Amino acid sequence: YPVIDYYLVCDEVSEDDSGSSGGGITGGGGSSTSGGASASFAKAMFRNSSMTNDEWKIVENMLDSIMMDCMGKNLYNALLGKLGGNTLSIEFTDQNYSSYTFKTGIKISNKYLSSNHLFHEMWHAYQAYLETEQSYKKAVINLEIESHYAQLLYIKSIDDDWESKYLKQKFRLIVGLEEYVNKYGELIDSINGSNESLLDAHMLQLKSVFKSDSAYYKYDYNDYRIGIVNFLNLQTVTKNCKK
């Protein structure tokens with residue numbers, strides 16, 4: 001187990017960008033297609049002895065949405081496999097952001113109950129199982145960029161109004177990755193073959209923006225992870241999603 005105690009404080013895309021209810025813990029959202037009452041998928045992955053049935057239903061409904069997407073379903077199954085029968089701690093908090101750390105698991109803000117925020121933190125958890133503590137700490141911003149890009153792809157699959165959520169400079173640069181990286185984490189070929197270098201230049205732009213953000217300035221970017229190497233997890237999670 002990588003003992004990663006860095007908090008990944010994740011800048012939220014918006015309050016409600018997946019069509020599910022936001023702005024409070026009550027209500028629980030729509031009906032569940034995977035056994036909301038028992039929350040079987042949620043409880044197979046997460047643990048929290050003090051969580052109410054309504055809260056478990058919210059997590060289950062989020063997972064319903066995530067698992068309707070091929071990438072989301074693969075992410076759930078891949079992370080479940082990495083857990084090997086163990087579970088991740090999860091809790092709802094009143095903080096203004098969602099976060100992941102290996103020691104404390106996933107924390108979801110009550111203010112951001114859209115499924116894409118849970119998707120983002122699950123992606124971080126999956127990344128953590130593929131890194132050592134040292135390699136993770138040296139590449140926190142690289143991993144954050146991949147998580148944000150995977151989150152963008154997920155949001156686009158469920159929200160027709162996704163563009164209105166990506167107006168901030170950081171998020172516009174995440175959208176800009178689509179010029180170089182397809183939805184399967186592969187480099188998009190260009191006529192002159194220069195996309196690898198252009199992608200790396202774009203990544204360095206993202207590095208600069210993240211480092212200027214008060215939530216990320218203390219984290220490292222690994223300059224040795226060049227170009228498409230930063231999206232290998234996306235390649236793995238989407239490998240059977242090609243049509």
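Where is Asp 69 found?

## Asp 69

Asp 69 sits in the loop between α2 (53-67) and α3 (70-83). The model described here is predicted. Asp 69 is buried, yet it has no salt bridge. The nearest side chain of opposite charge belongs to Lys 183, and it is 8.1 Å away. A salt bridge needs the nitrogen and the oxygen within 4 Å.

Asp 69 does have a polar partner. Its side chain and that of Ser 157 are joined by a polar contact of 3.3 Å. Leaving out residues up to four places away in sequence, Asp 69 touches Tyr 154 and Ser 157.

## Helix α2

Helix α2 has 15 residues, and at 1.5 Å a residue they should span 21 Å. The end C-alpha atoms are 21 Å apart, which agrees.

How many residues of α2 are buried? The count is 11 of the 15, so the helix is largely enclosed by the rest of the structure. Among them are Trp 56, Ile 58, Val 59, Leu 63 and Met 67. Charged residues are on the list too, including Glu 55, Glu 60 and Asp 64. The buried residues of α2 pack against α1 (40-45), β2 (46-47), α3, β3 (88-93), α4 (115-128) and α6 (140-158).

## Salt bridges

The structure holds nine salt bridges. One of them joins the side chains of Glu 91 and Lys 107, at 3.9 Å from N to O. Glu 91 lies in strand β3 and Lys 107 in strand β5 (residues 105-109), so the pair ties together parts that are 16 residues apart in sequence. Glu 91 is partly exposed, with a relative accessible area of 30%. Lys 107 counts as buried, at 16% relative accessibility.

Lys 170 and Asp 213 form another salt bridge, at 2.6 Å from N to O. Lys 170 lies in helix α7 (residues 169-176), while Asp 213 lies in the loop between α8 (195-211) and α9, so this pair ties together parts that are 43 residues apart in sequence. Both residues are buried. Lys 207 forms a salt bridge with Asp 223, with the closest N and O atoms 3.2 Å apart.

## Confidence

The protein chain averages a pLDDT of 84, and 83% of the residues score at least 70. Which elements have the lowest and the highest mean pLDDT? Strand β1 (residues 8-10) has the lowest, at 48, and helix α9 (residues 232-237) the highest, at 98.

Over residues 1-9, pLDDT stays under 50. It also stays under 50 over residues 14-36.

Methods
Residues numbered from 1 in each chain as written. Predicted model: local features only at pLDDT ≥ 70, side-chain atom pairs only at ≥ 80, totals over all residues. Heavy atoms only, no water. Helix = DSSP H or I, 4+ residues; strand = E, 2+ residues; numbered from the N terminus. Buried < 20%, exposed > 50% of the residue type's maximum accessible area, 1.4 Å probe, protein only. Polar contact = N/O pair within 3.5 Å; in protein donor to acceptor, adjacent residues only side chain to side chain. Contact = heavy atoms within 4.5 Å. Expected span 1.5 Å × (residues − 1). pLDDT = per-residue confidence, 0-100.
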